[in-house]
Protein chains: 2
Amino acid sequence: MSASRKPQAKLQSERLVDKVHGLLHRDILSGKLLPGQPLSVPEISRQLGVSRSPVREAVLQLVADGLAWEEARKGAVVAQFGLEDALQLLEAREVLELASVRLGAVRATSADFAALKQVLHSQQLSIQKANFRGYLASDLEFHKLLGSLSHNPALGRMVGLLKDQSLLAQDSVSRSLVQLELGFKEHLAVFEALELRNSEEAAGALLKHFKRIRESLENWLALPRHS
Amino acid sequence: MSASRKPQAKLQSERLVDKVHGLLHRDILSGKLLPGQPLSVPEISRQLGVSRSPVREAVLQLVADGLAWEEARKGAVVAQFGLEDALQLLEAREVLELASVRLGAVRATSADFAALKQVLHSQQLSIQKANFRGYLASDLEFHKLLGSLSHNPALGRMVGLLKDQSLLAQDSVSRSLVQLELGFKEHLAVFEALELRNSEEAAGALLKHFKRIRESLENWLALPRHS
DNA sequence: AGACTACATATTACATGTAACTATGTCAAG
DNA sequence: CTTGACATAGTTACATGTAATATGTAGTCT
């Protein structure tokens, strides 16, 4: 009798749409799909061995995520951000994440702190191993956690979407290990202020983080050699 | 020969998807489709006399807009916000619109001011005629314009999405003419500060607006009779 | 009555068909 | 060499088919 438990957690959200969306999402952020590249529905459906319907829906999802752009009757392409766009995304993120952190300093739970701690730890490891990809992934996680600190679903969701776009936007901008380490230290400063529930100091520390990144981007913009 | 000009500007973005999406969007915000109501794809396609494909895509769009909620294999329903949700939406909007206004005080163009002026005028008319629906429509416009003042597309887009959701969320909350007039006066104060390019005063005035709305919502929440 | 099963109905999720449109390459004329 | 007509290939947008799934209801057993 005990053998016939419910099929249970097996096919929870096993929809093809979600799998395809997840796959494309991954491939875009990992750089496997390059900015500007067309997302041809028949092509993708052939490669994945599924029909066009779920692929079409997945691509639409990506458009809604801001990771792909669509032009009517021309199809979608992987989003391609210029440096102008990157700065605007950064500006929007600054607004949202500062607010999230201010609210989060008050509302954060111990689970939130634990999650932050874990991500910071993995960042430290990535830096020690000079693992760029790894750092970028945990950086993504860190900022998304900042968004969820607000315990405001709308804010959290938007922070996540913008950070993904921001990652894609800065894809081309090379970053040195030194900058990664700077970023990590700034993350730490935010965390420490949060732990003390000092919202203004946390916001201030995060502001510094954004300011440095913005200036770094602007410098890169001013430079002549955009190879 | 001259008779055979191009079909030209006729079918610009005449996609069925867009028409269906626009229609449903309208019907949701206008209250014709009630919160919680299922958005059955075959049903809608029958009523509109189109196939299921464009309807399915339009519904997915609405989900992305935050105006409908989807559960896997159960379909989508019109979003149904509680008062808690309404407060959270308001919180997020406050963050985004305050930032937009601060940036807008610096960046706004004369075209922006003209657009604001026009919307404020139409608000005044709506109040004089005690036209609630009309006021709500121009209120929507006003806040969306505040979002676009930032000249940051990401911010502007999010402000618009949140304001739409907020409208749907407050649908149930009755509002008196007195409150509308208060809102209008607060809008005016924001505008006047903007014209002087005084970003802090503009932000302060908008903050007052949000504060009053929030308190009004909270009172309503505290009240026993949620008919 | 209450709970379980069986059946009927409707919808979702995925697959596939096809007309119209877009982009691209070829080739002749200027 | 450039321009524009034309054919070709690939894609989008919409339509439709269908198995699996969810939901509602009647009937059966305890």
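Next I checked which helices contribute. Chain A brings helix H1 (16-29) and helix H3 (52-65), and chain B brings helix H2 (41-48); each supplies at least two residues of the surface near DNA strand C. Helices here are DSSP runs (H or I, at least four residues) and strands are E runs of at least two, numbered from the N terminus.

By type, that surface has eight nonpolar, four polar and six charged residues. For the sorting, Ala, Val, Leu, Ile, Met, Phe, Trp, Tyr, Cys and Pro are nonpolar, Asp, Glu, Lys and Arg are charged, and the others, Gly among them, are polar.

**Housekeeping.** I count residues from 1 along each chain as its sequence is written, with chains lettered from A and ligands numbered from 1 in the order in which they are written. As the model is predicted, local features need pLDDT of at least 70 and side-chain atom pairs count only at pLDDT 80 or more, while totals for chains, interfaces and linings use all residues.

**The two copies.** I laid chain A on chain B: a turn of 180° with a shift of 0.0 Å along the axis gives an RMSD of 0.0 Å. The two copies are therefore related as by a two-fold rotation axis. In chain A, Ala64(A) has the C-alpha nearest that axis, at 3.1 Å.

**Chain A overall.** I get nine helices and two strands, running α-α-α-β-β-α-α-α-α-α-α from the N terminus. Its C-alpha atoms fill a box of roughly 65 × 50 × 35 Å along the principal axes. Of its 227 residues, 36% are buried (20 or more other C-beta atoms, placed from the backbone, within 10 Å; exposed is 12 or fewer, partly exposed in between).

Most residues other than glycine have a negative phi. Arg197(A) has a positive one, near 55°. This arginine, Arg197(A), lies in the loop between helix H8 (177-195) and helix H9 (199-222) of chain A. Arg197(A) counts as partly exposed, with 13 C-beta neighbours inside 10 Å. Over in chain B, Arg197(B) also has a positive phi, about 55°.

Note on methods: Least-squares fit on C-alpha atoms with pLDDT ≥ 70 in both.
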